[in-house]
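Good morning. Please have the sequence and the model open while I talk, and follow along in the viewer.

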Amino acid sequence: MTHDEIRAGIGASPALQALVPDTVALAAAISAGRTRSAPVRRADFAVWCGQTGLRAAVEDHAGNAQSPLRSAALTIRDFLSGAADTIDFALPGNQLMLGAWQQAGAITQAQADALIALGSEPDPVSEWDVRCAIFADDGALRV
């Protein structure tokens, strides 16, 4: 988060404004619920596939030359077999494959959301960044 974004967020929120100048409390409040995309480990993906039934669907579609999901299924099978250690759903190609499985009805929106959540990690805003954002060099408040 940029310093301008921090100041704008504080300016738009009476709750955050009430915390000024407590930079520790502001950083905690701004950080609450913030996440960023992170790669999903193969082991976690494999467990998710087993829990959702996608593992069997991958094999079914990979073995069906007529399946519109065959290429994606083969790629998933390669991944599960060790082609990579992680899969990053922030990448457009992986988002397209996930979308194709949803559009084909092979997974639900809730299942896709759960998979994306596997690839989320906390994205806190540091107290230092908040301090730099709200205080000018001379110590005056900028918010």
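**The cavity and its surroundings**

Helix H7 contributes the most to the lining of the largest cavity, namely four residues. This is a predicted model, in which local features need pLDDT of at least 70 and side-chain atom pairs count only at pLDDT 80 or more, while totals for chains, interfaces and linings use all residues. Residues are numbered from 1 along each chain as its sequence is written, and side-chain values use heavy atoms, with hydrogens and water left out.

A word on terms. Helices (H or I, at least four residues) and strands (E, at least two) are DSSP runs, numbered from the N terminus. A cavity is a set of points, on a 1 Å grid over the protein atoms alone, where a 1.4 Å probe fits but cannot get out, and lining residues have an atom within 4 Å of a point. Grid points are joined across faces, edges and corners, and a volume is the space filled by probe spheres set on the points.

How many cavities of 30 Å³ or more does the structure hold? There is one. The largest cavity has about 100 Å³ of space. Helix H4 (42-52) and helix H7 (92-103) each supply at least two residues of its lining. Among the lining residues are Phe-45, Trp-48, Ile-76, Asn-94 and Trp-101. By type, the lining has 11 nonpolar residues, one polar and no charged. Here Ala, Val, Leu, Ile, Met, Phe, Trp, Tyr, Cys and Pro count as nonpolar, Asp, Glu, Lys and Arg as charged, and the others, Gly among them, as polar.

Is Val-58 buried or exposed? Val-58 is buried, because its relative accessible area is 0%; buried means under 20%, exposed over 50%, and partly exposed in between (1.4 Å probe, protein chains only). Val-58 sits in helix H5 (residues 54-62). Leaving out residues up to four places away in sequence, Val-58 touches Ala-73, Ile-76, Arg-77 and Trp-101, where contact means heavy atoms within 4.5 Å.

Next, Leu-118, in helix H8. Leu-118 counts as partly exposed because its relative accessibility is 37%. Apart from neighbours within four places in sequence, Leu-118 is in contact with Val-40, Asp-44 and Trp-48.

Gly-119 lies in the loop between helix H8 (109-118) and strand S4 (120-122). Its relative accessibility is 6%, so Gly-119 counts as buried. Which residues does Gly-119 contact, beyond those within four places in sequence? They are Arg-36, Ser-37, Ala-38 and Val-40. Gly-119 and Val-40 are 79 residues apart in sequence, but their C-alpha atoms are 4.9 Å apart in space.

Most peptide bonds are trans. The bond from Val-20 to Pro-21 is cis, with omega near 10 degrees. Pro-21 is in the loop between helix H2 (14-17) and helix H3 (23-31).

Finally, the whole chain. The chain has nine helices and four strands. Its radius of gyration is 21 Å, whereas a compact globule of 143 residues would have one near 15 Å; the radius is taken over C-alpha atoms, and the globule rule is 2.2 Å times the number of residues to the power 0.38. The C-alpha trace spans about 70 × 25 × 25 Å along its principal axes. Of the 143 residues, 29% count as buried.

Key:
On a 1 Å grid over the protein atoms alone, a cavity is a set of points where a 1.4 Å probe fits but cannot get out, and a pocket is an open set with protein on both sides within 12 Å along at least five of seven lines; lining residues have an atom within 4 Å of a point.
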